[in-house]
Amino acid sequence: EVKRVCDGGGFIVNSRVNAVLAVTRSLGDCSVKDVVVGAPYTTETEITHHDAFLIVACDGIWDVMSDQNAVDLVRDNALDNPQLAAEMLVKSSLEMLSGDNLSAMVIRFHHPFTPSTQKQDSTQDSNTATTLTAQKNDNEA
C-alpha cells in the first residue's frame with residue numbers, strides 16, 4: 001500500500017497518507033483522492049470445521065489490539081456469547097486508548113454436521129452474528 005500511494009504521488013508521514021488520512025483505501029476523502037482508492041483490498045479464506053468464530057472490526061480495534069489478542073479475548077471470555085464478545089472487544093480497545101471509531105462484530109460458527117454423517121442442519125441461531133459500534137465524539141478531548 002505504501003508503494004502504491006508513493007507511486008501515485010502521495011507520501012506517508014506518521015502512518016498517515018499525506019500526513020492526514022490513516023487508511024489507504026476510502027470513499028469520499030477528496031483531499032487525497034489521487035492516492036487513496038475506493039476499491040477494497042480483499043482476500044479469500046476457506047472456513048473449516050476447525051474455525052469457531054470470525055471477528056470483523058474496524059481499524060480502531062486493530063490500532064490497539066493484535067489479531068491474536070482479539071482471538072484470545074473472544075475465545076477465553078465470551079465464545080458462547082457473540083454480543084458480549086463484541087462488547088469486550090470495544091471496551092478493551094477503549095481501555096487501551098484507541099483514538100478512532102470502534103466497531104466490532106463477532107460471528108460464531110455452528111457446524112451443523114459431523115464429518116462422519118455429512119448431515120447438514122439448516123437452522124440458524126439468532127445470536128450467531130452481532131455488531132457493536134462506539135463512535136468517538138469529535139468534541140471530546
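Modeller: Of the 141 residues of the protein chain, 23% count as buried. Buried means under 20% relative accessible area, exposed means over 50%, and partly exposed is in between, with a 1.4 Å probe and protein chains only. This is a predicted model: local features need pLDDT of at least 70, and side-chain atom pairs count only at pLDDT 80 or more, while totals for chains, interfaces and linings use all residues. Residues are numbered from 1 along each chain as its sequence is written, and side-chain values use heavy atoms, with hydrogens and water left out.

The protein chain has 4 helices and 5 strands. Along the sequence the pattern reads α-β-β-β-α-α-α-β-β. These elements are DSSP runs numbered from the N terminus: helices are H or I with at least four residues, strands are E with at least two.

Now the pocket. The largest pocket holds about 330 Å³ of space. A pocket here is an open set of points on a 1 Å grid over the protein atoms alone, with protein on both sides within 12 Å along at least five of seven lines; a 1.4 Å probe fits at the points, and lining residues have an atom within 4 Å of a point. The volume is the space filled by probe spheres set on the points, which are joined across faces, edges and corners.

The lining consists of Val 2, Ile 12, Ser 15, Arg 16, Val 17, Leu 21, Ala 22, Val 23, Thr 24, Arg 25 and Tyr 41. By class, that is 7 nonpolar, 2 polar and 2 charged residues. Ala, Val, Leu, Ile, Met, Phe, Trp, Tyr, Cys and Pro count as nonpolar; Asp, Glu, Lys and Arg count as charged; the others, Gly among them, count as polar.

Ser 15 deserves a stop. Ser 15 sits in the loop between strand 1 (12-13) and strand 2 (16-17). Its phi is near 60°, a positive value in a residue other than glycine. Ser 15 counts as exposed because its relative accessibility is 63%. Ala 19 also has a positive phi, near 65°, and is likewise not glycine. Ala 19 lies in the loop between strand 2 and strand 3. At 42% relative accessibility, Ala 19 is partly exposed.

Next, the core. The largest nonpolar core has 15 residues, and Ile 55, Ile 61, Val 74, Leu 89, Ala 104 and Val 106 touch the most other members. Strand 3 (53-57), helix 3 (67-77), helix 4 and strand 4 each supply at least two residues of this core. Helix 4 gives the most, with 4 residues. Such a core is a set of buried Ala, Val, Leu, Ile, Met, Phe, Trp, Tyr and Cys residues joined through side-chain atoms within 4.5 Å.

Helix 4 (residues 82-95) also contains Val 90. Val 90 is buried, at 4% relative accessibility. Its C-alpha is 9.7 Å from that of Met 105, across 15 residues of sequence.

Strand 4 (residues 102-108) includes Arg 108. Arg 108 counts as buried because its relative accessibility is 11%. A polar atom of its side chain lies 2.5 Å from the backbone oxygen of Asp 80. The Arg 108 side chain also makes a polar contact with the side chain of His 110, at 3.4 Å. A polar contact is a pair of N or O atoms within 3.5 Å; within protein, one must be able to donate a hydrogen and the other to accept it, and residues adjacent in sequence count only if both atoms are side-chain atoms.
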